[in-house]
Each structure stands twice: as C-alpha cells, then as structure tokens.
Amino acid sequence: MLFEKMLTPKFIFGSYSDVTPEFMTLNGYTSLISDIDNTLAPYEITEAPREVADWARALKDSGVKLALVSNNHSDRVEKFNSTLGLPAFSDVKKPSAKYIEKALESLDAKKESTLFLGDQLLTDALAAHRAGLDCAIVPPIKDKKNLFFKVKRLIERPYMKKFSKKFSKKFPKKLSKKPETELVKERGMPKN
Ligand SMILES: [Mg+2]
C-alpha cells in the first residue's frame, strides 16, 4: 500500500511543456527539479532543443527556480545543460533521494514548494517521494504511446481491482455474463 503511494504521481502531463509558469503559481510551486532523458529530450538529442530552452527561460522569467538531475553520465548532462546553464547533477542514482536533496540545496528551495518532473515511476516518482517532493510524470518522449499506457495501467490496476470487487458484490448478476452458447441452450434453439 505504501509502495503504491510512493509510485503514484500527483500529476500526469502529456509533455514537460505542460508545466507552465501559470501551473506552478496556481499550485504553489516555486521550484522545479527535472529529469532529462525522455522527459525533456530523447537520449540521442545531445544539446537542449530550442523549445526546452524557451520553456526553461519562461519558468525562470516568472521566478521559478529550475534544476536538472539525471542518472546519465556527466558528459551527457554537461552538454545538454551547456546552453541552459542550470544547476545540474549527473549520476544521481535515482530512486535514491540524495541528489534531489542536493538539488534542493543548490536552489535554496523548500521541498514543500518544489515539484519534481520525470518520466519513470520506479526511478523518478520514487526518488521524488523519498525526498518529500510532489511529482509530475510525463510519458517518455520515445515510444510515447506504448509506455504511457503502461504507466497508466500500472497506476490504474489496483484501483480498478478494488472497484470491480465492490461492484460485483453490489450487482452480482450484472457481472455474471454467460457465454453465448449457454444462453442459446437456456432459450432453446430458434425454430425454423
Ligand atoms: Mg528519464
């Protein structure tokens, strides 16, 4: 039960760009710590795309502090961050919370007003929750549709199970659908 809670993000977005300055303000977040790979860009894009730079600048201009944490190596992170110039941490070993805490320190931010953004439940969401941060998940940029549904199903599964149990107790007949062949036997075969 607790583990399930640790994996369940507070928000699910279609893209990192849905995390707008307006969203941050409305929800009381003043800082954002983001994953890089498949959250902001696919692995093979080595430098931050212009859209990411514009998004980061818009957040910064609105007063939101932003840091990057990545499980990837320092060369990757440094190159990606070269045009962004953000506090950035590599080899952070998520789901460890250690470097998320370091990122918070580097931003001089409080966990209560910081949102974590990532694409993986088992690394990003878990690390964020261990550090005491709220978490937003986006589908991985690569293989978006497929993995998005996996994420969705994973979150839904326990709730759906509980729901169908309750439902079948309340309305047992509605769920006991007999196969077509048995219904034919009960009704009798149509006569010509
Ligand atoms: Mg990632």
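In what order do the 6 strands of the open sheet lie? The order is E1-E6-E5-E2-E3-E4, with parallel pairing. Strands here are DSSP runs (E, at least two residues) and helices are DSSP runs (H or I, at least four), both numbered from the N terminus; two strands pair if DSSP finds at least two bridges between them.

This is a predicted model, in which local features need pLDDT of at least 70, side-chain atom pairs count only at pLDDT 80 or more, and totals for chains, interfaces and linings use all residues. Residues are numbered from 1 along each chain as its sequence is written.

Strand E1 (11–12) and strand E4 (88–89) are the edge strands, each pairing on one side only.

Next, select strand E2. Ser31 and Ile33 point one way and Leu32 and Ser34 the other way, and all are buried (20 or more other C-beta atoms within 10 Å of the residue's own, with C-beta atoms placed from the backbone). In a regular strand, side chains alternate between the two faces of the sheet.

Proceed to the neighbours of E2. With E3, E2 pairs in the parallel sense over 4 bridges, and the bridge partner of Ile33 in E3 is Ala67. From E2 the chain crosses through helix H3 (residues 50–61) to E3 in a right-handed β-α-β crossover (with the strands pointing away from the viewer, the path from the first strand over the helix to the second runs clockwise). E2 also pairs with E5 in the parallel sense, over 4 bridges; there, Ser34 stands opposite Leu117.

Finally, select strand E5 (residues 114–118). This strand runs parallel to strand E6 (residues 134–137), joined by 4 bridges, and Leu115 has Asp134 in E6 as its bridge partner.

Key. Buried ≥ 20, exposed ≤ 12 C-beta atoms within 10 Å, placed from the backbone.
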